[in-house]
Amino acid sequence: MDTRNVKIENPAFPKEEELIEAAEILANGGLVAFPTETVYGLGANALDEEAAKKIYAAKGRPSDNPLIAHVAEKESVSELAERIPDSGKKLMDAFWPGPLTLIFPKSKRVPYGTTGGLDTVAVRMPDHPIARMLIRLAKVPVAAPSANTSGRPSPTTAEHVFQDMNGKIDMILDGGAVEIGVESTIVDVSGEVPTLLRPGAITMEMLEKVLGKVAVDPAILGPMKEGIHPKAPGMKYRHYAPKADMTLVQGKSQDEMVESVRNLAKEKIEAGFSVGILCTDETMSQYPQGIVRSLGSRMKEDTIAHNLFAVLREFDDIGVEYIFSETVPKDHLGQAIMNRLSKAAGYHIVK
Ligand code: TXA
Ligand code: MG
């Protein structure tokens, strides 16, 4: 299949004529990758089981891993969800459009091919002009997982999508680099207690301000124990996995952490390996050797989230064999950053 790349001239103000063909592809059961504020999504008609199947094929994704249905208006939720619990309403009012996905009991209209056989459906209203206009023009809810090959870091630029999806999908809409860089926060509001299934830019602190108590699915805190099943099926797969052997380093202080990263890197470099170091603006000057990349500033963790997946992909391209990474505190956006770093490292953390 020929994959067409369509560059949107001004991503903040797309024109309908730039998106109409993409919308037609979606309405006719095809696949279009498009930017959202979190990461690039791989879109298909969420109500068309055959179209959903094509997503799984293009990504090489296990078919028990459900898709998020993207909508352009809050009103569209009522056709996808059987009911909208109070907690869901509050979160929609507070954070939509935005990087928050909500899990509702599904309506009969949503095919099991979209929900991976579950009786619930994930819905998100993205805050990106291209995504919103595309969904509106397609006139269907758009199922869209991140537009990466299953297991690779999520794409934050159209080039990343092209690397993984060229020849497998109909079209890529190039809207430049995304803003946030990690996938949406997922909250399950289908049960008694609202539960965080995946941390993201809408942080636990922000959710608690709106809802009071929010439970946390144990799957996001650490490696999966035998017999425990994460409520978001996707959280059980090794994600974001770089080709290199990756280790996270914690320390009692920042200096101690930096010293450990430096020593671990030195050992592998002296043994002849290619070594990548993931650090921050504040610590970058303290690494004399290795392929050193700053993720961003500790004072502005959104810069770290923004660069994380791109740097992991860059290390893959360079072919580094070992990655040693600094860690950040696990509160606020740090929870999402540490969740992605921990998964990338296969939970290999040294203290
Ligand atoms: O930011 C995002 O959410 C991006 C952009 C494109 O919107 N999309 C995204 O989709 O990250 P994906 O498919 O890569 O991740 C969706 C996650 C998976 O872990 C999946 O298991 C979970 O959402 N999920 C989907 N439907 C679910 C459901 N009904 N119950 C529990 N988890 C669900
Ligand atoms: Mg994904």
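Predicted model: local features only at pLDDT ≥ 70, side-chain atom pairs only at ≥ 80, totals over all residues.
Q: Is Tyr347 buried, partly exposed or exposed?
A: The relative accessibility of Tyr347 is 22%. Buried would require a value under 20% and exposed a value over 50%, so Tyr347 counts as partly exposed.

Q: What is the phi of Tyr347, and what is that of Lys139?
A: Most residues other than glycine have a negative phi. Tyr347 is not a glycine, yet its phi is positive, at about 60°. Lys139, found in the loop between α6 (129-138) and β7 (142-143), is likewise not a glycine and has a positive phi of about 60°.

Q: Why does Lys139 count as exposed?
A: The class exposed applies over 50% relative accessible area. Lys139 counts as exposed because its relative accessibility is 71%.

Q: Which residue does a cis peptide bond join to Trp96?
A: Most peptide bonds are trans. The bond in question has an omega of about -5° and is cis.

Q: What distance separates the C-alpha atoms of Met206 and Phe95?
A: Met206 is found in helix α8, which spans residues 204-211, and at 33% relative accessibility Met206 counts as partly exposed. Along the chain Met206 and Phe95 are 111 residues apart, while their C-alpha atoms are separated by 9.4 Å.

Q: How much of the area that ligand 1 exposes when taken alone does the protein bury?
A: Polar side-chain atoms lie 2.9 Å from an oxygen atom of ligand 1 in the case of Arg61 and 2.7 Å in the case of Asn65, and an N or O atom in the side chain of Arg124 is 3.1 Å from an oxygen atom of ligand 1. Taken alone, ligand 1 exposes 690 Å², and the share of this that the protein buries is 98%.

Q: Which strand gives the most to the shell around ligand 1?
A: The shell residues divide into 15 nonpolar, eight polar and five charged. At least two of the shell residues come from each of β4 (68-70), β6 (120-124) and β10 (195-198). With four residues, the strand that gives the most is β6.

Key. Residues numbered from 1 in each chain as written. Chains lettered and ligands numbered in written order. Heavy atoms only, no water. Polar contact = N/O pair within 3.5 Å; in protein donor to acceptor, adjacent residues only side chain to side chain. Areas by Shrake-Rupley, 256 points an atom, 1.4 Å probe, with all protein chains shown as cover. Nonpolar A, V, L, I, M, F, W, Y, C, P; charged D, E, K, R; others polar. Buried < 20%, exposed > 50% of the residue type's maximum accessible area, 1.4 Å probe, protein only.
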